[in-house]
Amino acid sequence: MSDGDEDAMNDMIEHNILGRSAAIQQVIKTIRVQSKYPTPVLISGETGTGKELAARGLHYSGPFASMPFIPLNCSTFNDELFTSELFGYKKGAFTDAKKDQVGLLTAAEGGSLFLDEIDSLSLKSQAALLRVIQEKEYRPIGSNEIKKTNVRLITATNRDLPKLIEEGKFREDLYYRLLILTLEMPPLRSRPEDIHLLVDHFIHKLNQQYELDVQGMSEQALERLYQHDWPGNVRELENTIHRLYLTCESSEISQVDIPGVELAKKDNSVHPSYAMPCDVQRLAEGKVTFSEEKKRAVEAFEQSFIEQVLNHTNGNITRAANLCGKERRAFGKLVKKYNIHKYVEVRSG
């Protein structure tokens, strides 16, 4: 990566959130706005989309930047551990309480407390958290002292909380307390144009870590990555690049390095919204034949399908052809046949 490329990439990174895509730029814009306020934020998104990065962005972009940022993954705690971590405890409060322990609410005072996988909390723990949000106070376990708290709460989930509410697994009152500001992290499959940037960024970091000089990834290898669905999102991509980097035997990761990596094939089906009506009346009157109508329907479908695939690939004909399982030249002929080339030039320029 040249110095110019590195500078350009740094311009697109904000708190380790990288991307040119409209989806990720909207995330960055939302973070800039929401970071100004001490209001709770609920971050949603699939596993590996960068919810903790977004939480850190919310903290370090605003007035809390000089104060503590404390993360906690709720899935690793039962009720007792969660409340003792959150509130702290006094010596002798329970068997293993050998000394006073400061809780995370105290440690994060004036800053941000990030609770990841909030959906994994039991109803009992949810009730304890709800009281903190409502009353802005808490009592360390084993203490008679009521403490006030001034902590910004940021929570995250990869599950459908309204559905959990219907199933009786999540408190509705807590949900609406957390829902004041929201931020959704997009899956990687919805922003494939960022894959190249992410790959370059990860390789640059790995070069610094291992003090090697891998130049990047070939176009053919990148095309393989574009064809993957990335169910693990950016985290899966980063781990994949790490593995390819360490097993690469040349100065560039090439297509031959990819087969050893188990990449699940993307569901390349595109579902056009176009539905071709059948002109039964004209058919009954003998004005058209079945073959003519079929040809018209097929051509209309092809044009709609190709336009949607090109829209999905941002006008990249090579990637669009790969998605359709066609040679680039054959796909290009279809683009020309339906006069879509101007559309492609605008999209890719």
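1. Just after helix α6 (123-135), Lys-136 takes a positive phi of about 55 degrees, although Lys-136 is not a glycine. Lys-136 sits in the loop between α6 and β8; helices (H or I, at least four residues) and strands (E, at least two) are DSSP runs, numbered from the N terminus. With a relative accessible area of 52%, Lys-136 is exposed. Here buried means under 20% relative accessible area, exposed over 50%, and partly exposed in between (1.4 Å probe, protein chains only).

2. A word on the source: this is a predicted model, in which local features need pLDDT of at least 70 and side-chain atom pairs count only at pLDDT 80 or more, while totals for chains, interfaces and linings use all residues. Residues are numbered from 1 along each chain as its sequence is written, and side-chain values use heavy atoms, with hydrogens and water left out.

3. Do look at two stretches with care. Over residues 1-12 the pLDDT stays under 50, and the model has 17 contacts for them beyond four places in sequence; contact means heavy atoms within 4.5 Å. Residues 267-276 also have pLDDT below 50, with 15 contacts beyond near neighbours in sequence.4. For the chain overall, the secondary structure comes to 16 helices and 13 strands. Of the 349 residues, 42% count as buried. Among the contacts with a separation of 6 or more, 72% are between residues 24 or more positions apart.

4. Back to α6, which has 13 residues and reaches 18 Å from its first C-alpha to its last. That is close to the 18 Å expected at 1.5 Å a residue, the expected span being 1.5 Å times one less than the number of residues. Its buried residues are Ser-125, Gln-126, Ala-128, Leu-129, Leu-130, Val-132 and Ile-133. They pack against α4, α5, β7, β8 (137-138), β10 (152-157) and α8.

5. The largest nonpolar core has 29 residues, and those with the most contacts inside it are Leu-113, Leu-115, Ile-118, Leu-129 and Phe-170. A nonpolar core is a set of buried Ala, Val, Leu, Ile, Met, Phe, Trp, Tyr and Cys residues joined through side-chain atoms within 4.5 Å. At least two residues of this core come from each of β4 (69-73), α4 (79-87), α5 (104-107), β7 (112-116), α6 (123-135), α7 (161-166) and α8 (172-178). Helix α6 gives the largest share, five residues. In soluble globular proteins, nonpolar side chains tend to be buried together.

6. Not counting residues up to four places away in sequence, Phe-170 touches Ile-118, Asp-119, Leu-123, Gln-126, Leu-161, Leu-164, Ile-165, Tyr-175 and Leu-178. Apart from this core lies another, of 24 residues, among them Leu-18, Ile-195, Trp-230 and Ile-253.

7. Thr-83 belongs to helix α4 and is buried, at a relative accessible area of 18%. Its side chain reaches the backbone oxygen of Asp-79 at 3.1 Å. Leaving aside neighbours within four places in sequence, Thr-83 is in contact with Gly-88, Ala-128 and Ile-141. Ala-128 is also one of the buried residues of α6.

8. Glu-117 is another residue with a positive phi, near 55 degrees, that is not a glycine. Glu-117 lies in the loop between β7 and α6. At a relative accessible area of 26%, Glu-117 is partly exposed.

9. Which residues does Pro-231 touch, not counting those up to four places away in sequence? They are Glu-46, Thr-47 and Glu-236. Pro-231 and Thr-47 are 184 residues apart along the chain, yet their C-alpha atoms are separated by 8.2 Å. Pro-231 is found in the loop between α10 (219-226) and α11 (233-247), and counts as exposed at 53% relative accessibility.

10. Last, the cysteines. A search of the whole structure finds zero disulfides, a disulfide being a pair of cysteine sulfur atoms within 2.5 Å. Cys-74 is buried, with a relative accessible area of 0%, and Cys-248 counts as buried at 14%.

Definitions and conventions: pLDDT is the predictor's confidence in each residue, from 0 to 100. A polar contact is a pair of N or O atoms within 3.5 Å; within protein, one must be able to donate a hydrogen and the other to accept it, and residues adjacent in sequence count only if both atoms are side-chain atoms.
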